[in-house]
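Here is a short briefing on one structure.

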Number of protein chains: 2
Amino acid sequence: MANKGILTVISGFSGAGKGTIMKELVARFPYFLSVSATTRKPRKGEIDGSDYFFHTRDSFEAMIQKEELIEWAEYVGNYYGTPREAVEKQLMEGKDVLLEIEMQGGMLVKEQFPDALLLFITPPNADELKRRLIGRGTETPEEINKRLSHACEEASYMKSYDYIVVNDELEKAVLDVHMMIQHQHCKVKNCGEQIQAIENDLLQFAKGDY
Amino acid sequence: MANKGILTVISGFSGAGKGTIMKELVARFPYFLSVSATTRKPRKGEIDGSDYFFHTRDSFEAMIQKEELIEWAEYVGNYYGTPREAVEKQLMEGKDVLLEIEMQGGMLVKEQFPDALLLFITPPNADELKRRLIGRGTETPEEINKRLSHACEEASYMKSYDYIVVNDELEKAVLDVHMMIQHQHCKVKNCGEQIQAIENDLLQFAKGDY
């Protein structure tokens with residue numbers, strides 16, 4: 001009902017199925033999925049502007065300087081970030097925008113877009129999470145410890161999100177996320193125009209203009 | 001995911017279809033619909049404890065005195081109110097509770113249950129609302145004016161609700177209300193135990209107990 005689009009941040013534990021949920025959402029509904037910028041080299045088959053916007057370190061740092069990124073971070077020697085212009089343009093045009101980003105990035109988005117909806121995707125329970133962290137028994141103790149410390153860090157952000165989405169059954173998780181986003185349009189703060197229209201109409205009505 | 005039930009207040013314009021939505025919700029899902037207490041005389045076919053709890057003025061006033069009602073009001077010489085005990089018992093047992101009440105009552109519920117979800121049901125637009133207020137052209141100007149002043153009063157409460165639910169298509173409105181309530185269980189503040197369990201498990205895991 002609102003004229004402005006809803007900005008949704010989707011984060012979650014590694015292996016929680018975020019990517020699959022995003023793909024389903026974009027395939028079925030008219031969401032705009034933000035494409036990240038990175039300085040990482042394209043992998044085989046990756047398309048510039050579709051998988052990522054590929055940049056040199058210089059051009060990425062220029063974007064940071066000009067505040068053209070909503071959030072950015074450096075992982076393993078490469079920059080990753082969310083270009084601001086496309087997101088703001090889509091929101092203004094009333095399109096709902098999805099950002100699939102890490103928790104630290106999510107917090108930065110929330111600072112700049114206090115109305116953003118923050119969703120945290122998790123496996124159904126801690127046992128399932130454990131299984132996914134341990135993996136198929138082929139990982140070295142170092143790899144497991146790395147995953148573990150990453151998951152501990154991730155878990156500490158859960159409380160800062162708005163909703164926890166359990167990805168037990170994909171179809172249910174996709175519809176849960178979709179409805180959570182769509183219902184943001186029904187929040188009173190996003191229905192100001194509609195409420196005003198009803199109040200104005202009742203006022204006209206009270207003046208006898210019916 | 002939460003162990004405690006969600007308390008939902010459903011209000012809305014006269015003729016917005018609240019009653020039909022409530023009936024569908026209770027028929028399809030395990031909601032507890034609170035039964036109001038009243039001093040109004042039972043109409044033909046109405047069952048005590050099912051349609052209303054019928055009381056004398058003395059016993060109703062005793063309930064007010066003993067704070068056994070969450071909210072109450074007097075309309076056209078009769079008392080109406082929401083018995084507290086049944087609502088609190090059902091919530092503690094994890095059952096989601098529905099209250100179909102007037103806006104003033106809704107505000108009193110919110111004061112006592114700050115986590116309550118407040119839903120406002122409206123016809124799809126002001127024109128449709130107008131049609132319903134004017135009725136079938138058989139109403140006297142006095143009746144229309146009475147409905148109008150009531151609707152104006154009702155509209156002034158819209159901003160105090162959490163969500164506006166447009167009852168355009170009944171099936172969609174029923175599922176919207178159902179999902180809005182169910183997603184309250186996914187709100188981070190209602191997932192404390194689940195978040196704690198995941199954090200504890202990751203901690204155990206960090207100690208090498210896997």
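**Cavity, pocket and selected residues**

About 40 Å³ is the volume of the largest cavity. The model is predicted. A search of the whole structure turns up one cavity of 30 Å³ or more. The largest pocket holds about 1,500 Å³ of space.

**The cavity**

- Chain A contributes Y163(A), M180(A), H183(A) and Q184(A) to the lining of the largest cavity.
- Chain B contributes Y163(B), M180(B), H183(B) and Q184(B) to that lining.
- Which elements supply at least two residues each to the lining of the largest cavity? They are α7 (170–184) of chain A and α7 (170–184) of chain B.

**The pocket**

- The largest pocket has a volume of about 1,500 Å³.
- Its lining counts 38 residues, and the closest to the centre are Y52(A), Y75(A), Y80(A), E100(A) and E102(A).
- Two or more lining residues come from each of these helices of chain A: α1 (18–28), α4 (103–112) and α6 (141–155).
- The strands of chain A that give two or more residues to this lining are β5 (69–75), β6 (78–83) and β7 (97–100).
- Which element gives the most to the lining of the largest pocket? It is α6(A), with six residues.

**Chain A as a whole**

- Chain A has eight helices and nine strands.
- Its C-alpha trace spans about 80 × 45 × 30 Å along the principal axes.
- Chain A has 210 residues, and 46% of them count as buried.
- Take the contacts in chain A between residues at least 6 apart in sequence: 66% of these join residues at least 24 apart.
- The accessible surface of chain A is about 10,800 Å². Carbon and sulfur atoms account for 51% of that surface.
- Chain A carries 25 positive and 34 negative charges.

**A buried residue in chain B**

- A37(B) sits in strand β3 (residues 37–38) of chain B.
- Is A37(B) buried or exposed? A37(B) counts as buried, because its relative accessibility is 0% and the cut-off for buried is under 20%.
- Leaving out residues up to four places away in sequence, A37(B) touches F53(B), H55(B), F60(B), M63(B), Y79(B), Y80(B), G81(B) and P83(B).
- A37(B) and A197(B) are 160 residues apart along the chain, and 41 Å separates their C-alpha atoms.

- E67(A) is a residue other than glycine, yet its phi is positive, near 55°.
- Where is E67(A) placed? E67(A) is in the loop between α2 (57–65) and β5 of chain A.
- E67(A) has a relative accessible area of 59%, so it is exposed; the cut-off for exposed is over 50%.
- V76(A) is not a glycine either, and its phi is positive at about 45°.
- The loop between β5 and β6 of chain A holds V76(A).
- Why does V76(A) count as exposed? Its relative accessible area is 86%, and exposed means over 50%.

Conventions
Residues numbered from 1 in each chain as written. Chains lettered and ligands numbered in written order. Predicted model: local features only at pLDDT ≥ 70, side-chain atom pairs only at ≥ 80, totals over all residues. Heavy atoms only, no water. Helix = DSSP H or I, 4+ residues; strand = E, 2+ residues; numbered from the N terminus. Buried < 20%, exposed > 50% of the residue type's maximum accessible area, 1.4 Å probe, protein only. Contact = heavy atoms within 4.5 Å. Areas by Shrake-Rupley, 256 points an atom, 1.4 Å probe, with all protein chains shown as cover. Lys, Arg positive; Asp, Glu negative; His and termini not counted. Charge placed at Lys NZ, Arg CZ, Asp CG, Glu CD. 1 Å grid on protein atoms, 1.4 Å probe; cavity = no way out; pocket = protein on both sides within 12 Å on 5 of 7 lines; lining within 4 Å. Points joined across faces, edges and corners; volume = space filled by probe spheres on them.
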